[in-house]
Amino acid sequence: MFEKLIDSFEKLCLQIIIEILLVPVTVFKLFQAPHRCYDLSVHEMEKEETERFRDYLSPIKLSVYTSVIVSVLLMDYSGEENFISRIKGLSMVEKALFIFLVNNFTAVVFSVVLLWYKKEKINSRTFRALLFSFIYTTVYTSTPFFILIISTMFLGQTMNVQSYLHHLEKISASENYSSRDLIFFIVLAVFFVITIIGLVKLFKALHHILKENFRYHPYVVWFFTLLFFLIQLYYARGFI
């Protein structure tokens, strides 16, 4: 009994380590080629369920590692108020599930719209491929904030990002910078660069998904690409 428990714990730890290591690999691959958001999802859906996402992290797990966990930590320990923190009696798992659904709401809506256009059923590989594709595209908006939040937590030794930013405003007035503050300014510059790159990649990824599923005039595809892009960008402001 004890040996089985140890073996299960070993497998769990190994699986978590592998998945954490796959996070930067998957993010890099998606930033490298935006069309992979759709192509990778379609390719993986053609495999048997046990063979899927061996070399990359699945979009749901990627969303959990880069968005949900950080959101839960900030909500529970930063002291910042939001509408989820006001909901009493929720466990950590329930909060994580709720945040995941909220963060990926646009992915569900976009998938349903295309599914309606293609006249496919909800319980189909097409829907899963579309849903996974759109969830993958959220990496372009969540990754810059993920880097900024994690860096702030470690450099500022606080979960309250807003509090650390106020601290930086005070020292900028006195011009008394420490090495930690200078490192954070470098991280902030990297954040803006990655954000701009991410927005370009997001637009390209959305265009590829729509081009592969929306059989209309190219101008119509570009119009809906811009529409989906603006909706996702607006929605991502409050739910990173």
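View 1. F224 counts as partly exposed, because its relative accessibility of 26% falls between the 20% and 50% cut-offs. The rings of F223 and F224 form an edge-to-face aromatic pair, with centres 5.4 Å apart and planes at 80°. F223 counts as exposed, at 52% relative accessibility. The model shown in every view is predicted.

**View 2. F214 and F224, an edge-to-face pair.** In the model, the count of aromatic pairs comes to 11. One of these pairs joins F214 and F224 edge-to-face, at 5.0 Å centre to centre and with 80° between the ring planes. F214 sits in the loop between α9 (179-213) and α10 (218-236), whereas F224 belongs to helix α10, so the pair ties together parts that lie 10 residues apart in sequence. F214 is buried, because its relative accessible area of 10% is under 20%.

**View 3. The cluster of Y117, F214, F223 and F224.** Ring pairs link these four residues, Y117, F214, F223 and F224, into a cluster.

**View 4. I122 in the loop between α5 and α6.** I122 lies in the loop that runs between α5 (105-118) and α6 (125-137). Leaving aside residues up to four places away in sequence, I122 touches L115 and F127. The C-alpha atoms of I122 and S111 are 9.5 Å apart in space, and the two residues are 11 residues apart in sequence.

Methods: Residues are numbered from 1 along each chain as its sequence is written. This is a predicted model: local features need pLDDT of at least 70, side-chain atom pairs count only at pLDDT 80 or more; totals for chains, interfaces and linings use all residues. Side-chain values use heavy atoms; hydrogens and water are left out. Rings of Phe, Tyr and Trp (its six-membered ring) pair if their centres lie within 6.5 Å; planes under 30 degrees apart count as stacked, over 60 as edge-to-face and the rest as tilted. Helices (H or I, at least four residues) and strands (E, at least two) are DSSP runs, numbered from the N terminus. Buried means under 20% relative accessible area, exposed over 50%, partly exposed in between (1.4 Å probe, protein chains only). Contact means heavy atoms within 4.5 Å.
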